[in-house]
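My entries follow in the order in which I made them.

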Amino acid sequence: MATETSKPLLAVCEYCNGTGWELVEGKGVRQCRCRMSDRRDQLITAARIPKRYENCSFENYHPQGNNFTADEIFRSQSYALNYAQTLAREYPNHDIGLLFIGPCGVGKTHLAVASIKALINKGITCLFYDFRDLLKEIQDSYNPVSKTTELRVLEPVYQSEILVLDELGASKPTDWVRDTMTQIINTRYNDKKVTIFTTNYLDDPETPNEDTLSDRVGVRLRSRLHEMCKVVKIKGDDFRLKIGSNRGRKF
Ligand SMILES: Nc1ncnc2c1ncn2[C@@H]1O[C@H](COP(=O)(O)OP(=O)(O)O)[C@@H](O)[C@H]1O
Ligand SMILES: [Mg+2]
Ligand SMILES: [Zn+2]
């Protein structure tokens with residue numbers, strides 16, 4: 001096990017001598033670049049971006065489909081990229097969230113993560129949660145005696161300026177799940193906080209026996225999502241199969 005003394009000593013910053021303030025020629029003093037990168041690192045850690053997605057960015061999202069004929073797939077993926085970039089660029093002036101809807105593997109989570117990474121670069125607090133994991137953490141921290149959930153789990157979800165809720169509707173929609181989803185989403189709505197959702201459940205599924213998003217989250221929550229988000233439909237094939245076949249293996 002590492003001991004305290006085995007930690008490398010941090011060199012004193014050459015730009016601010018450890019004061020945190022850097023002199024900019026002709027412009028005066030500003031917060032030192034070392035503090036800004038510290039803050040970025042802290043924000044990245046606090047955002048809990050899953051390892052699998054930590055390299056996702058706008059730069060490495062390439063709309064699929066046919067860009068010559070600009071087919072439906074290419075258009076939907078280009079629009080999706082564009083909406084995500086607009087939110088990241090214009091926030092906080094632009095404060096409508098996003099609801100990415102589409103089948104598996106079209107880059108919904110990729111774009112959600114790319115958005116929060118761009119927002120973190122602007123110094124904004126962001127948090128990523130797979131909705132199923134969040135529900136599990138809430139359930140695990142539930143105290144049956146006090147009938148409350150530990151604030152440790154819910155506070156960041158309420159406080160974070162931007163929240164990604166990935167895989168909305170993926171949990172079996174029990175009453176408890178619906179109540180909890182409603183409470184979280186309504187709290188953020190009332191506080192005018194931006195939330196980015198992803199879901200595989202379409203409003204108009206291709207086959208009649210598939211669940212719609214309303215089936216999964218309820219009609220009221222579905223309409224609340226409309227009020228707080230721009231709905232962005234993404235079409236396309238599963239990108240993972242593509243990567244898998246290129247590398248001779250499937251993920
Ligand atoms: N258009 C794209 N350009 C680059 N990578 C993509 C694209 N679409 C998906 N990917 C990659 O494919 C994998 C699956 O995408 P993901 O965002 O998990 O899909 P979804 O959330 O829609 O199921 C990820 O590794 C993601 O980075
Ligand atoms: Mg996803
Ligand atoms: Zn410094």
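**Ligand shell**

I sorted the shell around ligand 1 by class and found 6 nonpolar, 10 polar and 2 charged residues, where Ala, Val, Leu, Ile, Met, Phe, Trp, Tyr, Cys and Pro count as nonpolar, Asp, Glu, Lys and Arg as charged, and the others, Gly among them, as polar. I noted that this is a predicted model, in which local features need pLDDT of at least 70 and side-chain atom pairs count only at pLDDT 80 or more, while totals for chains, interfaces and linings use all residues. Residues are numbered from 1 along each chain as its sequence is written, and chains are lettered from A and ligands numbered from 1 in the order in which they are written.

Ligand 1 is surrounded by 18 residues, the closest being G107, K108, T109, H110 and F239 (near means a C-beta atom, placed from the backbone, within 6 Å).

**Helix pair**

I then looked up α2 (residues 72-90) and α3 (residues 108-120), which pack at an angle of about 25 degrees with their axes 9 Å apart; the axes are lines fitted to C-alpha atoms, for helices over the stretch in contact, and angles run from 0 to 180 degrees between N-to-C directions. Helices are DSSP runs (H or I, at least four residues), numbered from the N terminus.

On the α2 side I listed A80, L81, A84, L87 and A88, and on the α3 side L111, A114, S115, A118 and L119, contact meaning C-beta atoms, placed from the backbone, within 7 Å. These contact residues divide into 9 nonpolar, 1 polar and no charged.

**Confidence**

The chain averages a pLDDT of 90, and 92% of the residues score at least 70 (pLDDT is the predictor's confidence in each residue, from 0 to 100).

Conventions. Helix = DSSP H or I, 4+ residues; strand = E, 2+ residues; numbered from the N terminus. Contact = placed C-beta atoms within 7 Å.
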